[in-house]
Amino acid sequence: MMINPKRDLGLLNGPVLLFGGPYSNLAATEAMQAEAQRLQIPPERVICTGDIIAYCAEPVETLELIRHWGIHVVQGNCEQSLGAGAPDCGCGFDSGSSCSLLSIEWYRYASQRVSPEQQYWMAELPGQVDFQLGSLRFSVVHGSTQSINEFIFPGTPQALKQARLSATAADVVVGGHCGIPFGERLERGYWLNAGVIGMPANDGTRDGWYLLLEPDSNGVTANWHRLPYQAQQSRQRMQQADLCDAYAQALTSGRWPSTDILPEADRLEPATPLKPQTLRLSY
Ligand SMILES: [Fe+2]
């Protein structure tokens with residue numbers, strides 16, 4: 001799938017907060033904004049890796065919160081599809097798979113609610129956001145550097161991550177789309193995923209995840225953090241809207257309704273709560 005032109009933010013001074021997948025989950029997005037304010041990170045240093053609208057019940061409210069907040073947003077496949085008035089979310093699920101069948105309902109629900117003006121805003125989002133922190137260059141994408149809906153998981157072969165990173169001028173790629181927070185040192189450079197806030201990480205807990213990049217004189221420290229929020233409230237909103245019960249349940253069970261898309265190595269059986277991770281990024 002096509003990727004929109006990139007935006008370069010230049011050199012950023014101070015910590016950078018990244019998160020993905022608000023997924024129409026208003027309570028989670030409000031919690032994320034409150035956390036950024038608590039950490040005193042201004043909107044100019046907050047980046048969302050895309051998929052503002054998806055599974056949950058408040059697509060318009062979530063989109064408007066993000067827009068008024070004024071943060072940077074990388075276009076996700078959901079923004080691309082809704083912006084173009086496409087017939088489906090473009091997640092890249094195999095046709096007929098349970099992920100594909102489950103996505104039909106929320107996509108119809110969301111596409112009936114967004115205005116033409118909101119569609120235009122989503123269609124115009126950058127496909128990649130670049131910035132520099134210390135002397136490290138970062139490229140933030142949705143799926144991969146090659147495709148908006150390519151799934152790059154922790155268990156995706158390192159050679160593929162390296163090839164995707166090498167296609168950019170960056171030292172570090174931060175991706176979204178896959179829903180799992182992780183960081184990996186490659187032979188040359190790093191592949192990070194900020195995680196998502198609007199669905200759990202399939203680890204048996206309700207929390208979302210975000211990533212904080214903190215620069216110092218020798219490099220950058222990447223820290224992943226849990227984002228607790230009122231998941232029960234978002235689940236009730238989905239039930240009131242008659243939306244897919246499998247995703248509504250996932251908000252409180254912490255397990256995805258289907259793991260079809262996950263590599264074998266990333267299927268946690270039974271659910272193991274992820275541990276907050278730290279990765280030192282050096283020059
Ligand atoms: Fe996505």
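**A loop residue up close**

Analyst: Let's start with histidine 177, which sits in the loop between β7 (172-175) and β8 (182-185); helices (H or I, at least four residues) and strands (E, at least two) are DSSP runs, numbered from the N terminus. Keep in mind that this is a predicted model, where local features need pLDDT of at least 70, side-chain atom pairs count only at pLDDT 80 or more, and totals for chains, interfaces and linings use all residues. Residues are numbered from 1 along each chain as its sequence is written, and side-chain values use heavy atoms, with hydrogens and water left out.

So what's going on at histidine 177? Its phi is near 70 degrees, a positive value in a residue other than glycine. Histidine 177 is also buried, at 7% relative accessible area (buried is under 20%, exposed over 50%, partly exposed in between, with a 1.4 Å probe and protein chains only).

You'll find asparagine 202 in the loop between β9 (190-193) and β10 (208-216). Its phi is near 60 degrees, again positive in a residue other than glycine, and with a relative accessibility of 2% asparagine 202 counts as buried.

Glutamate 264 is exposed, with a relative accessible area of 66%. Between glutamate 264 and glycine 20 there are 244 residues in sequence and 23 Å in space, C-alpha to C-alpha.

Now zoom out. The protein has 8 helices and 12 strands. Its radius of gyration is 17 Å, close to the 19 Å the globule rule gives for 283 residues, so it is as compact as a globular protein of that length (the radius is taken over C-alpha atoms, and the rule is 2.2 Å times the number of residues to the power 0.38). Those C-alpha atoms fill a box of roughly 50 × 45 × 35 Å along the principal axes.

Inside, 59% of the 283 residues count as buried. The largest nonpolar core has 66 residues, and Leu17, Phe19, Ile53, Trp69 and Trp106 have the most contacts within it. A second, separate core holds 25 residues, including Leu12, Phe138, Val140 and Leu211. A nonpolar core here is a set of buried Ala, Val, Leu, Ile, Met, Phe, Trp, Tyr and Cys residues joined through side-chain atoms within 4.5 Å.
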